[in-house]
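Please look over the sequence and the structure shown here before reading on. The briefing below then takes up a few places in the chain, topic by topic.

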Amino acid sequence: MPVASGNCPSCGAPIEFSVGASVSKVCAYCKATVYRTDRGLEDLGKVAALANVPSLIAVDDEGTLGGRPFRVAGRVQLDQGAGPWDEYYVAFGGGAAWGWLAYAEGVWYVTSLSPTKVPVPAFERLHVETDVLLGEAGPFRVAEVKRARVVSAEGELPARIPPGLQRRYADLFGVDPAFATIDYGDGTGAPEIFVGRRFQEHELVLTARGPRTVAKVDVGMLRCPNCGGDLPMLSGERAERVGCRYCGAVTDIAERRVIAAQDAARLASPIPIGATGMLGGVSYACIACLERSSEFSGERFTWLELLLFAPGVGFRWVVRDETAWLFVVPVNLAELDFRGMPSTVRWRGQRYALRNQNVARVEYVLGEVYWRCQVGETVYASDYVLGPTVLSREETEGEVRWSYSTPIPWPVLARAFGLPLARPGAAVASSGSARPQNALVVAIVVLIVLFLLLHDLFDGSGGGSSGGGGVFGGSGWYYGGK
């Protein structure tokens, strides 16, 4: 039963609202955004056609999230200038509660509007790695501060969202699996705080009921628009771009459009694209291989990064660095203690010393990746080391990500993926082919690590972030690196 109904002020078609929290709806006939007020229905203007973006869910789908029933009532498409993404308005328990559902980089997020109003920093004062206390929800740390524009929508919406609305927001991480968004809107109203969590894909049980706006890749295969070669889609509807294994062309999957040319067959992946292997009890498929580079003292160094995917687990990376193969997992930046930045950072009670800082550039991409990868795109990268392990920080404009790398011997990878030990490209080079780590750098790092270990013995701290400095300490200390 609808909770409210009327006629579209633009075309006269019937308009029904099924969720009590909904105040806007996109007319299915004329695409006008209709706003519900005490005085009736108002036409906010027509939305643009929905962009073809990969999507695992659709409006009118039903399911459970962690056992909690929900229905997808609407969708908003936003764009920061590099291409649109979707956020879904979902109703829980038959409409008794509502929230936002989104998928990014292999992770699902769900948030709901916080009923408690708490003061937050002005948008202009926020930086990545700022600590923010969100009332009873606790402390969080900022991972992303950006602006976006509403480009399209469909179904019902819980707010007045006219086409073209400029939105300013910050995404924050808390104690696992806590997640939050501060929505500053267009700046004319008070910020709204949405609090929720990240969750694993296996927690989402979905029944497809709504029409998909994106033509799915037939039988898991995409035909390269440049050379016509068949490219298997190994991560389902989760990839954004694919580098053709035959001609090298980089294609936007949703648009079926070549966006960059690369030399054919210039890069061969040490683990073949499509190969599957068991690591840590998880069956992964190798879905991409990237060559990246950095310049030090006038010399350019390159290394390889292989992207793995496992349903229900998401994406992981394996890196062929200068001295070893490394297995990379994401790190929640809320767990890090930044009081020693920029020279050191603490994580889980251990100190990591800065090894190098550089600009990393994508030189070549083979296979499918989960973001709109561009040849030539760059990130500002910093590596912090403790023995053979590495904490890495990658920053782009308004966004930061941390990861943790541990050595994984090539024989382990070869055995897992059924490859010969002497496979071409598997060997680790000593110079000129990876992130630089010459003897002087190694010696300096060893001295720093020894000093920090001795310092820990005598300063009595021995602690991790429990002593302050991270979101657990509530110090609010900030180092933005700018």
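In which loop is P342 found? P342 is found in the loop between strand 27, which covers residues 336-337, and strand 28, which covers residues 344-347. This is a predicted model, and the points below should be read with that in mind.

**Cis peptide bonds**

- The bond that joins M341 to P342 is a cis peptide bond, and its omega is about 5°.
- Another cis peptide bond joins D176 and P177, where omega is about 0°, and P177 lies in the loop between strand 13 (166-173) and strand 14 (178-185).

- D60 is not a glycine, yet its phi is positive, at about 85°, and the residue is found in the loop that runs between strand 5 (40-46) and strand 6 (62-65).
- Because the relative accessible area of D60 is 37%, a value between the limits of 20% and 50%, D60 counts as partly exposed.
- R348 is also a residue other than glycine with a positive phi, in this case near 50°, and R348 lies in the loop between strand 28 and strand 29.
- R348 has a relative accessibility of 64%, and since exposed means over 50%, R348 counts as exposed.

- R351 lies in strand 29, which spans residues 350-369, and because its relative accessibility of 17% is under the 20% limit, R351 counts as buried.
- Although R351 and Y384 are 33 residues apart in sequence, their C-alpha atoms are 8.9 Å apart in space.
- R320 is found in strand 25, made up of residues 314-320, and R320 is buried without having a salt bridge, as the nearest side chain of opposite charge, that of E291, is 6.7 Å away.
- When neighbours within four places in sequence are left aside, R320 is in contact with W303, L304 and W325, and also with G425, A426, A427 and V428.

**The second largest pocket**

- The second largest pocket holds about 380 Å³ of space, and of the 21 residues that line this pocket, those closest to its centre are A28, K31, V59, E154 and G155.
- Strand 3 (24-26), strand 7 (68-79) and strand 12 (139-157) each supply at least two residues of the lining of this pocket, and strand 12 gives the most, with five residues.

Definitions and conventions: Residues numbered from 1 in each chain as written. Predicted model: local features only at pLDDT ≥ 70, side-chain atom pairs only at ≥ 80, totals over all residues. Heavy atoms only, no water. Helix = DSSP H or I, 4+ residues; strand = E, 2+ residues; numbered from the N terminus. Buried < 20%, exposed > 50% of the residue type's maximum accessible area, 1.4 Å probe, protein only. Lys, Arg positive; Asp, Glu negative; His and termini not counted. Salt bridge = Lys/Arg side-chain N within 4 Å of Asp/Glu carboxyl O. Contact = heavy atoms within 4.5 Å. 1 Å grid on protein atoms, 1.4 Å probe; cavity = no way out; pocket = protein on both sides within 12 Å on 5 of 7 lines; lining within 4 Å. Points joined across faces, edges and corners; volume = space filled by probe spheres on them.
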